[in-house]
Structures are given as structure tokens and as C-alpha cells.
Amino acid sequence: MNVYLSIAAIVLYGLAGGLQIRQIKSSSGEMLPALLAFGAVSAHAVAAITAIYTDIGIDLGLPQSLSLISWVICLITLLASFRRPVHSLLIAVYPLAALALLAELTLPPNHDILSHVGTGVFVHIISSILSYSVLSVAAALAIVLAIQDKRLKQHKLLGLSNLLPPLQTIEEMLFEFIWAGFALLTVAIASGALYVEDLLAQHLVHKTVFSVVAWALFAILLWGRATLGWRGRTAIRWTLWAFAFLMLAYIGTQVVLQWILN
């Protein structure tokens, strides 16, 4: 069932992405892309959850984790598109989710089983996944903001007016996602400190250090925004640097431990 649902989600993501591009170009308001996208994220959800929750425990292998994170990113962006003009981001996140599912189906198995998970550790895992997903959307918005800012300064916005929302709107969305992701990351770090035992034995020292550095950079960015009015390129640079450390904390650590050191 996991394989069939993954394939179904990949196909639906492809159809939804293609129709989303057509919708943006024609400026139409048809609901079919959204319906297909909800079908894709529904199939993806079941596929991702059944891959992680096994008979012997929670499997947090890299392909399974990336599949779950990509699902959360798709769901967040899709829901946000009903309130904010982020439809252009959907064109990017659908293929990424499909690639994550394809990687889970085709890459050699690499399991990381947690057989006994208490409530505190479960909160840590969920808040970590949610914070990474939300801050991934923030990083994508920062990249969009950088592209639009550069083209605006070069007077080359022609052709992007239908694809991207105004600069001010993107910046507002960027900090909304950063605030939400920062709160979730705070919960993840605090719950990890309280409930995760023996960091050395579980090879979590590097992950913890990089996560704390990312948290500190996001905290400085939010402070600078509130007190000094940081925006534009300053906000973009701080966001991307902070997210780079967050990537090192999670994906970098997972790649080294599971794929390089095995």
C-alpha cells in the first residue's frame, strides 16, 4: 500500500503542478489544481506515516524523514495559498515532494529505529520536523524575495508580475513563517534538552550545536527586525545563513551518520 500510495501521490503532484502553472499564466480561479493537490498530500500523508511507524518502532531514516518533511512543507504551503498569494511556491514544492517520495521508493533502505519513544521525545521529534518544515518555507520565501529584489533593482520585473506577489507581501509572509518556525524550534531544542538522554551515545552533539546556532541566528534576526527594522537584503542573508545551519543540523548530520559512516 505504501508503494501504491507513493506512486499515486507522485502522479497527483505532477498533475497539480502542471495545472497550477496553467492557472497562474491564465490568471484563472479554477479549483482543480487545489483538489488534485489535496489528493496528493492525502496520499503522501498515509505513505509517509506508514513508512515511519513500523511494527518495531519509529523509523527516522533519512529517506523516510525527508518524505515526511516534504509532505509538511506541501501542506503548509497549500493551506497558506488560500490566505496568501504563494501559488508560485507550489510549483516548486510539488516536484520536491515527488522527488522525496521517489527517493524513498528507490534508495537503498537506511533505517534508524526508535523502539521506545516517550511523550517528551515524541514532542521533540514532532516539533523538530515542524520547525524544519516551516523554516524551509521561510528560506524559500527569502530566495524569492532575493530574486525579486535583484530584478527590481535591475528594472527587469517584466514577466514576474503574475508569478510573484509584491515585495512587501513576501517580506510579511517571510517573518510570519520565521516567527512560527522559531517558536517550534525553541520547543524542539527545549524538549530535546529535557528528554533526550545521552547525546554522545546517540550522536546528537553536532545536531544540537548546529540547531542552537540556527536558533541564535533566527533570534538575532527577529530582534533586529523588531528593534532596528531589518528588512530586504539584511533579512534575506540572516534567514539563509540560519537555515543553512539548520540544514547542517538535520540533513547534514543524517547524511554523515547514515550514508557516509553507515
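**Entry 1. Helices α3 and α4**

I began with α3 and helix α4 (residues 87–106), whose axes come within 9 Å and cross at roughly 160°. I took axes as lines fitted to C-alpha atoms, for helices over the stretch in contact, with angles running from 0 to 180 degrees between N-to-C directions. Helices (H or I, at least four residues) and strands (E, at least two) are DSSP runs, numbered from the N terminus. The two helices α3 and α4 are therefore roughly antiparallel to each other. On the scale I used, angles under 35 degrees count as roughly parallel, over 145 as roughly antiparallel, 65 to 115 as roughly perpendicular and the rest as oblique.

I noted a left-handed crossing for α3 and α4. A crossing is left-handed if the near helix is turned anticlockwise from the far one by less than a right angle, and right-handed if clockwise. From α3, the contact is made by P63, Q64, L66, S67, S70, I73, C74, T77 and L78, and from α4 by L89, L90, V93, Y94, A97, A100, L101 and E104. Contact here means heavy atoms within 4.5 Å. I sorted the residues of this contact of α3 with α4 into 12 nonpolar, 4 polar and 1 charged. For this sorting, Ala, Val, Leu, Ile, Met, Phe, Trp, Tyr, Cys and Pro count as nonpolar, Asp, Glu, Lys and Arg as charged, and the others, Gly among them, as polar.

**Entry 2. Basis of the model**

This is a predicted model, in which local features need pLDDT of at least 70 and side-chain atom pairs count only at pLDDT 80 or more, while totals for chains, interfaces and linings use all residues. Residues are numbered from 1 along each chain as its sequence is written, and side-chain values use heavy atoms, with hydrogens and water left out.

**Entry 3. The protein as a whole**

I recorded 8 helices and 3 strands in the protein. Read from the N terminus, the order of elements is α-α-β-β-α-α-β-α-α-α-α. The protein has 262 residues, and 45% of them count as buried. Buried means under 20% relative accessible area, exposed over 50%, and partly exposed in between (1.4 Å probe, protein chains only).

I put the accessible surface of the protein at about 13,400 Å², with 71% of it belonging to carbon and sulfur atoms. Accessible areas come from the Shrake-Rupley method with a 1.4 Å probe; for residues, only the protein chains shown count as cover. Among contacts in the protein with a separation of 6 or more, 78% are between residues 24 or more positions apart.

**Entry 4. Helices α2 and α3**

I then turned to helix α2 (residues 32–52) and helix α3 (residues 62–80), whose axes come within 9 Å and cross at roughly 150°. This pair, α2 and α3, is therefore roughly antiparallel, and α2 passes α3 in a left-handed crossing. On the α2 side I listed A37, F38, V41, H44, A45, A48, A51 and I52, which meet Q64, S67, L68, S70, W71, C74, L75, L78 and L79 in α3. The contact of α2 with α3 holds 13 nonpolar, 4 polar and no charged residues.

**Entry 5. S70, between two neighbours**

I looked up S70, which lies in helix α3. S70 is buried, with a relative accessible area of 8%. Leaving out residues up to four places away in sequence, S70 touches H44, A97 and A100. H44 is one of the α2 residues that meet α3, whereas A97 and A100 are among the α4 residues in contact with α3.

**Entry 6. Helices α1 and α4**

Helix α1 (residues 2–26) packs with α4 at an angle of about 160°, their axes being 9 Å apart. I therefore describe α1 and α4 as roughly antiparallel to each other, and their crossing is left-handed. Among the α1 residues that meet α4 are N2, I10, Y13 and I24, and among those of α4 are H87, Y94, A97 and E104. The contact of α1 with α4 divides into 16 nonpolar, 6 polar and 1 charged residues.

I placed V46 in helix α2. At 39% relative accessibility, V46 counts as partly exposed.

I found A235 in helix α8, where A235 is buried at a relative accessible area of 0%. A235 touches F175 and L221, not counting residues up to four places away in sequence. L248 also belongs to helix α8 (residues 232–260), but L248 counts as partly exposed at 40% relative accessibility.
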